[in-house]
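Subject: Structure for you to look through, with notes

Dear colleague,

I am passing on the structure we spoke of, and below it you will find my notes on what was found. Please read them with the model open beside you.

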Amino acid sequence: MRAKVQVFLKPGVLDVQGKAVEHALHGLGWGDVADVRVGRTIEFDLKSADATAAEAEVKAMCEKLLANTVIEGYRVEVA
Amino acid sequence: MKAAVVVFPGSNCDRDCKVAIERSTGAHVDMVWHGDSALPQGVDLVVLPGGFSYGDYLRCGAMAALSPVMSDVKAAAERGVAVVGICNGFQILCEAGLLPGALLRNERLKYVCKSVDLAVANAQTRFTAGYAGRREVRMTVGNGEGNFFADDATLDRLEGEGQVAFRYLDNPNGSARDIAGVVNARGNVLGLMPHPDRAFEAELGSADGALLFQSALASA
């Protein structure tokens with residue numbers, strides 16, 4: 001199975017990189033762009049055949065390493 | 001008196017820390033490789049130095065927090081041994097769960113490298129006792145991700161319990177409530193973004209950092 005993890009700063013945590021990107025997009029003429037958030041995607045293979053078990057495992061990985069839950073939230077997709 | 005400086009791949013202030021501790025306290029300082037399973041016996045002070053451990057991959061300090069030696073650093077902290085994380089070392093202590101909060105990208109997205117004036121917010125911690133009677137101290141910062149963040153409840157608790165050790169007089173990176181350094185609830189683990197190791201004798205522009213190492217070892 002292929003796991004895809006998306007990690008973003010939590011709402012309410014200032015994303016200065018997102019702000020800078022938003023400012024640049026405004027400068028290029030896309031003035032209606034708002035609330036840009038920059039995150040990261042982490043993808044990997046898992047041997048598990050059971051999607052539910054795999055998802056639980058990936059969530060444990062997020063809690064332990066892939067995200068810092070003090071500042072970041074995450075979304076997990078397993079397919 | 002015995003101190004240990006942990007060396008991670010990508011640490012770059014490890015030697016500075018060793019020299020700073022030796023010259024300001026006369027203590028014996030062992031360098032400990034991050035892959036070692038244990039700290040030297042009878043160590044009174046453990047320092048996690050500045051730098052870019054693991055190239056700041058994933059998040060600053062995230063990989064280093066999982067290094068083999070960190071389980072013994074945690075055990076030492078639980079026994080009450082003094083632990084100081086400076087700059088990247090502060091990020092590592094937060095990632096390891098030894099200190100609350102996290103360090104975000106600097107508010108203005110700039111790497112900041114300069115001397116900063118700090119207020120000693122609590123001169124009764126075991127790391128700041130030497131600053132009693134001093135209102136301001138000067139150290140140097142060098143960071144791109146030194147913007148201290150914690151939720152409001154945590155910040156209120158840190159302030160209420162006297163866990164804020166240092167504050168910036170002129171906040172260089174957007175840190176919440178101007179916080180430059182915090183201690184854990186027990187008071188034996190300190191993390192700070194400014195470098196006492198770059199301010200331990202007058203030739204460096206300030207000798208104020210020496211007092212921090214002296215205080216840490218005096219209370220051991």
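Two strands are said to pair if DSSP finds at least two bridges between them, and the helices (H or I, at least four residues) and strands (E, at least two) are themselves DSSP runs, numbered from the N terminus. In that sense, strand 6 (residues 112-120) of chain B and strand 7 of chain B run antiparallel and are joined by eight bridges; within this pair, B:Val112 has B:Asn143 of strand 7 as its bridge partner.

Before going further, please note that this is a predicted model, in which local features need pLDDT of at least 70 and side-chain atom pairs count only at pLDDT 80 or more, while totals for chains, interfaces and linings use all residues. Residues are numbered from 1 along each chain as its sequence is written, and chains are lettered from A and ligands numbered from 1 in the order in which they are written.

The sheet of chain B

With strand 10 of chain B, strand 11 is joined antiparallel by three bridges, and here B:Val183 stands opposite B:Leu190. The hairpin of strands 10 and 11 of chain B has five residues between the strands, and in it B:Gly187 takes a positive phi near 90 degrees. Strand 11 of chain B is covered on both faces, with B:Val189 and B:Gly191 buried on one side and B:Leu190 and B:Leu192 buried on the other; a residue counts as buried if 20 or more other C-beta atoms lie within 10 Å of its own, as exposed if 12 or fewer do, and as partly exposed in between, with C-beta atoms placed from the backbone.

In helix 2 (residues 69-79) of chain B, the buried residues are B:Val69, B:Met70, B:Val73, B:Ala76 and B:Ala77. They cover an arc of only 110 degrees around the axis (taken from the directions from the helix axis to the C-beta atoms), which puts them on the same side of helix 2 of chain B. On the other side of this helix, B:Ala75, B:Glu78 and B:Arg79 are exposed. After helix 2 of chain B comes B:Gly80, with a positive phi near 100 degrees.

Helix 5 of chain B is largely enclosed by the rest of the structure, because nine of its 11 residues are buried. Those buried residues pack against helix 1 (14-25), strand 3, strand 4 and strand 7 (136-143) of chain B.

A buried loop residue

B:Asn173 lies in the loop between strand 9 (164-168) and strand 10 (179-183) of chain B, and B:Asn173 is buried, with 24 other C-beta atoms within 10 Å. Leaving aside neighbours within four places in sequence, B:Asn173 is in contact (C-beta atoms, placed from the backbone, within 7 Å) with B:Asn106, B:Glu107, B:Val112, B:Asn143, B:Gly146 and B:Asn147. B:Asn143 is 30 residues from B:Asn173 in sequence, and the two are 8.5 Å apart in space, C-alpha to C-alpha.

Chain A has an open sheet of three strands with the order 2-1-3 and antiparallel pairing. Strand 2 (40-45) and strand 3 (72-78) of chain A are at its edges with a single partner strand each, so one side of each is left without a neighbour in the sheet. Strand 1 (residues 2-9) and strand 2 of chain A pair over six bridges, with A:Val5 opposite A:Ile42.

Between the chains, 11 residues of chain B are in contact with eight residues of chain A.

With best wishes

How values were computed:
Two residues are in contact if their C-beta atoms, placed from the backbone, lie within 7 Å.
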